[in-house]
Amino acid sequence: MYKFLFFLCLPVLMFSQQRKIEGTVVNTQNEKLPLVSIEVYNLQNALIKKITTNESGDFTLEGISEKSVKLVIKDLEYMQFEKELELDKQENLLQIVLKKEVQEIQEVIMTKQKPLVKRKIDRLEFNVENSNISSLNAWEILKKTPGITASNDVLAIKGSQSILVTINDKKVMLTGDELKNLLENTQGDEVKSVEVITNPPAKYEASGSAVLNIVMKKNKIEGYRGILSSKYVQTQYAKGVAGISQYYKKDKLSLMASYYLGSGTYYREGTDYVNYVEDKTRWVSTMNRKDRNKSQNTLNFNVEYEIDSLTNASLNYSGSFSPKSFGTYHVPTLIYNSQNMVESDYITINDHQSRSINNSLSFQVERKLSKKSKLTWTNYFAGNNARKYQNVITALNFANQAPNENNFVTNNKSNVQLYSTQADYQWKNDQWELESGAKYSFVKTDSQLEFSDNENGVLQYRGDKSNAFDYKEHNFGLYSSLAYNPGKWNFKAGLRAEKTDLEGVVSEPYEINKNSYWKFFPTLYAQYTTGSNHQFGLSYGKRISRPSYSWLNPAKSYYNLFSYFQGDPKLKSTIIHNLNLTYTWKEWNLDFYYRKEIYPSMEISYQEPSTNSLIYHYTNIEKGQAYGLSVYKNFQIKPWWSLSVSENLEHNENYFVGVDDILYKNNVWNLSSDISTSFTLDKSTDWKLEIGHRYNSPSIQGTFRISGSSTAYLVMNKKFFNKKLDASLFFNDIFKTSGEKISTKYANQDNYFLDYRDTQSVSVSLKFNFGNQAVKNAKTIKKTEELNRL
């Protein structure tokens, strides 16, 4: 009878012995570490179970009957951690601290030097902190990020140039050269990681095919410290930048301020070839553009304050000021007849100058509502003011015509203002996470083009060639997403709804364009991790790419008498569908993807035989689609020697309606390759060397076919004077192979241009660290009554 009762009660007795232990895995900087493998063994070293920390670095031990177990934690970036636990005596939250791995090989001591790639359920995280590429600027770091290609300074993710760039999840208003200048003046040692989000979750606004988020470091060092930095770059002409960054942290207050001043001459070589089949002539223009910028100013300021143990507030300001960029282009054009003889020519002298002012201000408050939930409120203001002036003189020497001269002057003014406010709610426990929020944004742009030409020695304003363009856009968004992480399986789904109201007013000819629409953007994710750390992922996302504000302006911006740029106020937004299948194992990262674009917008060119004009304009093509495979792997050949391989093979198709109203298909197989090898030569002085090669095979963009290009580079950095002085040497485009040929050929369209952006360079960087550079033990802030009640 007693035996019978014993066996009846055995399950209850066993269950009563099982404990639930919660814990967190962090590094020495107290940063929580997601997706870390934890193995649980009994005292006979038999594996009981295997778990993984969630996205917040938390884990739960349950369902274990043993009284004592051993935890073994392995991660590629950190030393292996082992700890024995007596489950009956474990009362508090278990916190495990992982330390960086250090290996010593004879006289070379090597720390993990290559950036670590981590595959999360909704993004690829490229950690560059303390790596050998942190001596580069943020722009160069982006070009080395897996999944990102940069052809002629145009960023693309898996072939798509429709990218939303954010810094600490805050939208950057700048595009093109302005964005490049900002990132070039952002020091690499201030960058913690780069997140490549090909299927952005519902929290992000739906604009752009993908999101590129740059995560900046937070100041964790108590006291005051600073960095003096300078950089000299020699291309065809010299450039330089110098600046100071200062940091202060005390108890609840953290401050950061930086200022950089740049100056230099920028050069770009180009030659245009236009063949007119109608009159069998060929026009060849050579334009070598040389611009001087004496003052490029970049200013950043950030303050964070812990109001109480539940509430944090932060204020950030960023500004870039370029008061004057100027140059004079001399552009000769030769016109060949059918016998390939020069029969006419003209020369264009373009005297121009420009200025730009960009300001952004953000304010954020985060409030913990409970131990599992928090509320975040973010406000963002931004302004972009630009002026462009040019005086164009053309000396004409056409066959059978008397030589004459044409002169016109244009003055472009644009002002863009953006305001947004967003509230986000987050709740999560061990397995579930809920995010929900709302966002409102308002954009207003004012653009003016004043055109005057010379009549009998007097400049006359021409209203028919001048233009005013006003644009307003209201956008309201709601989103919600739910994630479930039971263990080996991770799931996440979200839905975002956005309502857009826009109005564009054109003065010449007068036209009003209005539109209002709702769009829904679903996202789905699933990820499975096997016991041997094979990781499979599947995701889908729908996105929208709205035209840049400058693309909507229909004013003709003349480059010369026979060439101009023109936007389109009726440009449609592009709808994008992304599908990704990922696989990760032992630093192998594979991504199979498919992308479909409906009415993609892009810049194309076409020639007009009746006026012998070459016109560049933004327009919608019919559709585009691409599928491909991305591979990234870091090989640790020796403890002091590693090899990194990043490859992307893609088949891309663009369908467009030509000037003859016929539907054309432009397609290509494209390979983007980045192979680099790095060495740690001396640990005591952080002497590191990296050699790499990037290659892009021929690609397409609408009507364009773009030739292949490549670049070889070498970067070396070393520290002196007890690591207070950091010096680096960077050789880029060593063999001058980055030039491209961009061509259009169909129907009566036959033109191409050669483009080289003066990328062959040698640069020297120096950084001097002063003040407190050591991390002190963080002071424990006494929990307030509010926190204790949570």
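Tutor: We will go through cores, rings, salt bridges and the surface in turn. Keep in mind that this is a predicted model.

Student: Let us start inside. Which residues touch the most other members of the largest nonpolar core?

Tutor: The general idea comes first. In soluble globular proteins, nonpolar side chains tend to be buried together. Here the largest nonpolar core has 29 residues. Phe126, Leu142, Leu183, Val191, Val194 and Leu212 touch the most other members. Several elements give two or more residues to this core, including helices α2 (138–143) and α3 (176–184) and strand β44 (709–720).

Student: What does Leu142 touch, leaving out residues up to four places away in sequence?

Tutor: Leu142 touches Ile148, Leu155, Leu183, Val194, Leu212 and Ile214.

Student: What other core lies apart from the largest one?

Tutor: Another core has 22 residues, among them Tyr346, Tyr471, Phe562 and Tyr616.

Student: Those names include rings. How many aromatic pairs are there in the whole structure?

Tutor: A search finds 32. To read a pair, look at the distance between ring centres and the angle between planes. Planes under 30 degrees apart count as stacked. Take Phe408 and Phe451: the centres are 5.3 Å apart, with 15 degrees between the planes, so by the cut-off of under 30 degrees the pair is stacked. Both residues are buried.

Student: Which parts does the pair of Phe408 and Phe451 tie together?

Tutor: Phe408 lies in strand β25 and Phe451 in strand β26, so the pair ties together parts that are 43 residues apart in sequence. Phe469 and Tyr471 also form a stacked pair, at 6.3 Å centre to centre and 20 degrees between the planes. Phe469 and Tyr471 are buried. Rings can also link up in a cluster: ring pairs join Tyr276, Trp283, Tyr346, Phe398 and Phe562.

Student: Now charges. How many salt bridges does a search of the whole structure find?

Tutor: Again, the idea first. Side chains of opposite charge can pair when their charged atoms come close. The search finds 24 salt bridges. In one of them, Glu455 pairs with Arg462, with the closest N and O atoms 2.6 Å apart. Glu455 is partly exposed at 40%, and Arg462 is partly exposed at 23%.

Student: Are Arg496 and Glu498 buried or exposed?

Tutor: Both are buried. Arg496 and Glu498 form a salt bridge, with the closest N and O atoms 2.7 Å apart.

Student: Which strands hold Lys665 and Glu653?

Tutor: Lys665 lies in strand β40 and Glu653 in strand β39, so the pair ties together parts that are 12 residues apart in sequence. Their salt bridge is 3.8 Å, N to O. Lys665 is partly exposed, at 46%. Glu653 counts as buried because its relative accessibility is 9%, and buried means under 20%.

Student: Last, the surface. Which residues make the nonpolar patch?

Tutor: Leu315, Leu361, Phe363, Trp377 and Phe381 make a patch of about 420 Å². Strands β23 (342–368) and β24 (373–397) each give two or more residues to the patch. Phe381 is in strand β24. At 40% relative accessibility, Phe381 counts as partly exposed.

Key:
Residues numbered from 1 in each chain as written. Predicted model: local features only at pLDDT ≥ 70, side-chain atom pairs only at ≥ 80, totals over all residues. Heavy atoms only, no water. Patch = residues over 30% accessible without salt bridge, like charges linked within 9 Å, V, L, I, M, F, W, Y side chains within 5 Å. Areas by Shrake-Rupley, 256 points an atom, 1.4 Å probe, with all protein chains shown as cover. Salt bridge = Lys/Arg side-chain N within 4 Å of Asp/Glu carboxyl O. Helix = DSSP H or I, 4+ residues; strand = E, 2+ residues; numbered from the N terminus. Buried < 20%, exposed > 50% of the residue type's maximum accessible area, 1.4 Å probe, protein only. Core = buried A, V, L, I, M, F, W, Y, C linked by side-chain atoms within 4.5 Å. Contact = heavy atoms within 4.5 Å. Phe/Tyr/Trp six-rings, centres within 6.5 Å; stacked < 30°, edge-to-face > 60°.
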